[in-house]
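Here is a short report on one protein model.

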Amino acid sequence: MEPRAIIDLRNVSRVYRMGLVEVHALRGINMQISPGERVAIMGPSGSGKTTCLNIIGALDRPTSGQVIIDGTDITQMSEKELTRIRRDKLSFIFQFFNLIPVLTAFENVELPLLIAGVDEEKRRDEVERLLQLVGLEERATHRPDELSGGEQQRVAIARALAKPPGSASSTIILADEPTGDLDTVTGEEVMEVLLRSAKKEESTLVVVTHDPDVGAKLDRVLSMRDGLVTNGSRGN
Ligand SMILES: Nc1ncnc2c1ncn2[C@@H]1O[C@H](COP(=O)(O)OP(=O)(O)OP(=O)(O)O)[C@@H](O)[C@H]1O
Ligand SMILES: [Mg+2]
């Protein structure tokens, strides 16, 4: 039996209203992603990739259709409930690292665990494990401005993987062009770390990328065009 989809979009539309003009950013898309699957979203600029990711991540709501995350329909949830879903299940990695500048690498990774009320010893073990996973145990006490771009993004990956122990299900990591602000070689290294870490942690990964080589390394590439998913071919 196919495992239940952890991400399930049903006929999702998103219309942006700009005065009298309507932009149909998503035109009724269906998307089912299995737990632990690693998927790339590719497509031209303006095709709706970021809009789609923001809706999966409960940062935006669809104009119509249903969003079901890990079996729960979140479409009509209150802001308070959505905040809890984001905290427990969803992580974002953005193009510009979004680390907190006054905190060290260690503290940036620790923050989601602190917010979730994990006790100090468990936090320390988990942060050390995650920094090691992304190869940054030597940089734990550096602040973001004391790290290279690639290192900053690896901290962001470690932070994205930090979820309270015993969370009901594996994390969903949503990454919107996570290497877009890095040079080619550094970008490739960071992408390697992201793919390897997501696999090791059995996280579900949805990554927006323009790089076909990245797409080729994932389980599946979803192609978007004009607000629609035009294929869902399974890769290797
Ligand atoms: N807040 C907004 N208000 C109005 N229109 C928007 C808004 N955000 C996006 N759009 C429009 O919706 C469409 C889809 O935008 P989206 O950002 O999802 O594209 P994208 O595929 O992520 O593109 P890119 O590759 O350039 O990041 C575009 O036509 C865009 O102009
Ligand atoms: Mg985008």
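Is Pro 101 buried or exposed? Pro 101 is exposed, because its relative accessible area is 57% and the cut-off for exposed is over 50%. The model is a predicted one.

## The loop around Pro 101

Pro 101 sits in the loop between β6 (90–93) and α3 (105–115). Beyond its neighbours within four places in sequence, Pro 101 is in contact with Arg 143 and Pro 144.

Sequence and space can also be set side by side for another pair. Ile 85 is 16 residues from Pro 101 in sequence. The C-alpha atoms of Pro 101 and Ile 85 are 26 Å apart.

## The sheet

Strand β6 belongs to an open sheet of six strands. The order is β6-β7-β8-β3-β9-β10, and the pairing is mixed. Strands β6 and β10 (228–231) are the edges, each pairing on one side only. On average, neighbouring strands are turned by 25° against each other, direction ignored.

How many bridges join β6 to β7? Four bridges do, and the two strands run parallel. Strand β7 covers residues 172–176. Phe 92 has Leu 174 in β7 as its bridge partner.

## Helices across the sheet

Helix α1 (residues 49–56) lies across β3 (38–42), β6, β7, β8 (204–208) and β9 (220–225). Its direction is at about 155° to β7.

Helix α5 (residues 149–161) lies across β6 and β7. Helix α5 runs at about 175° to β6.

## A nonpolar surface patch

Which residues form a nonpolar patch on the surface? They are Met 18, Leu 20, Val 21 and Val 23. Together they have about 460 Å² of accessible area.

Met 18 lies in strand β1 (residues 7–18). Met 18 counts as exposed because its relative accessible area is 57%, where exposed means over 50%.

## Salt bridges

Side chains of opposite charge can pair when their charged atoms come close. The structure holds 17 salt bridges. Three of the residues involved, Arg 4, Asp 70 and Lys 89, are linked in a network.

Arg 10 and Asp 8 meet through their side chains, with an N to O distance of 2.9 Å. Arg 10 is partly exposed, at 40% relative accessibility. Asp 8 is buried, at 8%.

## Bridges between separate elements

Glu 151 forms a salt bridge with Arg 139, with the closest N and O atoms 3.5 Å apart. Glu 151 lies in helix α5, and Arg 139 lies in the loop between α4 (120–133) and α5, so the pair ties together parts 12 residues apart in sequence. Glu 151 is buried, with a relative accessible area of 16%. Arg 139 is partly exposed, at 30% relative accessibility.

Glu 192 forms a salt bridge with Lys 217, and here the closest N and O atoms are 3.1 Å apart. This pair links distant parts of the chain, 25 residues apart. Glu 192 is in helix α6 (residues 184–200), and Lys 217 is in helix α7 (residues 212–217). Glu 192 is partly exposed, at 38% relative accessibility. Lys 217 is partly exposed too, with a relative accessible area of 42%.

Conventions. Residues numbered from 1 in each chain as written. Chains lettered and ligands numbered in written order. Predicted model: local features only at pLDDT ≥ 70, side-chain atom pairs only at ≥ 80, totals over all residues. Heavy atoms only, no water. Buried < 20%, exposed > 50% of the residue type's maximum accessible area, 1.4 Å probe, protein only. Contact = heavy atoms within 4.5 Å. Pairing = 2+ DSSP bridges. Axes fitted to C-alpha atoms, helices over the stretch in contact; angles between N-to-C directions. Patch = residues over 30% accessible without salt bridge, like charges linked within 9 Å, V, L, I, M, F, W, Y side chains within 5 Å. Areas by Shrake-Rupley, 256 points an atom, 1.4 Å probe, with all protein chains shown as cover. Salt bridge = Lys/Arg side-chain N within 4 Å of Asp/Glu carboxyl O.
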